[in-house]
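Let's walk through this fold one piece at a time. Have the sequence and the 3D view open side by side.

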Amino acid sequence: MKNEWITTNEMADMAGLSTRTLRRLQSSGFLKEGGSSGHWIKVNPQAPRSNHLWHPTRTLLRLGRV
């Protein structure tokens, strides 16, 4: 199975948004955390300030870009 998760910078470029806008949508709850149905996951779940990976298909669908 292909790894479908991409970095925040890649997701922002793909969606045509800034990384700051992605983070705002994330903190507002519009984009949800979770592996099987969420839009993003933490690279290291134990670290409070971990980098995030994004599922491009689910995120673009939620943003109405597909």
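What do the buried residues of helix 3 pack against? They pack against strand 1, helix 1, helix 2 (19–28) and strand 3. Before going further, a word on the ground rules: this is a predicted model, in which local features need pLDDT of at least 70 and side-chain atom pairs count only at pLDDT 80 or more, while totals for chains, interfaces and linings use all residues. Residues are numbered from 1 along each chain as its sequence is written, and side-chain values use heavy atoms, with hydrogens and water left out.

Helices (H or I, at least four residues) and strands (E, at least two) are DSSP runs, numbered from the N terminus. Buried means under 20% relative accessible area, exposed means over 50%, and partly exposed is in between, using a 1.4 Å probe and protein chains only. Contact means heavy atoms within 4.5 Å.

Back to helix 3, which covers residues 56–63. Its buried residues are Pro56, Thr59, Leu60 and Leu63. Because these span an arc of only 95 degrees around the axis, they sit on the same side of helix 3; the arc is that of the directions from the helix axis to the C-beta atoms. The general rule behind such patterns is that an α-helix has 3.6 residues a turn, so residues three or four places apart point the same way. Just past helix 3 comes Gly64, with a positive phi of about 75 degrees.

Helix 1 tells a similar story. Here Thr8, Met11, Ala12 and Ala15 are buried, and their arc of only 100 degrees around the axis puts them on the same side of helix 1. Look at the other side of helix 1 and you'll find Asn9 and Asp13 exposed. The buried residues pack against strand 1, helix 2, strand 3 and helix 3. After helix 1 there's Gly16, whose phi is positive, near 75 degrees.

Thr8 counts as buried because its relative accessibility is 9%. Leaving aside neighbours within four places in sequence, Thr8 is in contact with Thr19, Leu22, Arg23, His52 and Trp54. Met14, at 46% relative accessible area, is partly exposed. Not counting residues up to four places away in sequence, Met14 touches Ile6, Pro56 and Leu60. The C-alpha atoms of Met14 and Pro56 are 8.0 Å apart, although 42 residues separate them along the chain.

How do helix 1 and helix 2 pack, and at what angle? The angle is about 100 degrees, with the axes 9 Å apart; axes are lines fitted to C-alpha atoms, for helices over the stretch in contact, and angles run from 0 to 180 degrees between N-to-C directions. That makes helix 1 roughly perpendicular to helix 2 (a label for 65 to 115 degrees). Thr8, Asn9, Met11 and Ala12 of helix 1 make the contact with Thr19, Leu22 and Arg23 of helix 2.

Three strands form an open, antiparallel sheet in the order 1-3-2, where two strands pair if DSSP finds at least two bridges between them. Strand 1 (6–7) and strand 2 (40–42) are at the edges with a single partner strand each, so one side of each has no neighbour in the sheet. Strand 2 pairs with strand 3 (residues 52–54) over three bridges, and Trp40 stands opposite Trp54 in strand 3.

Notes: Angles under 35 degrees count as roughly parallel, over 145 as roughly antiparallel, 65 to 115 as roughly perpendicular and the rest as oblique.
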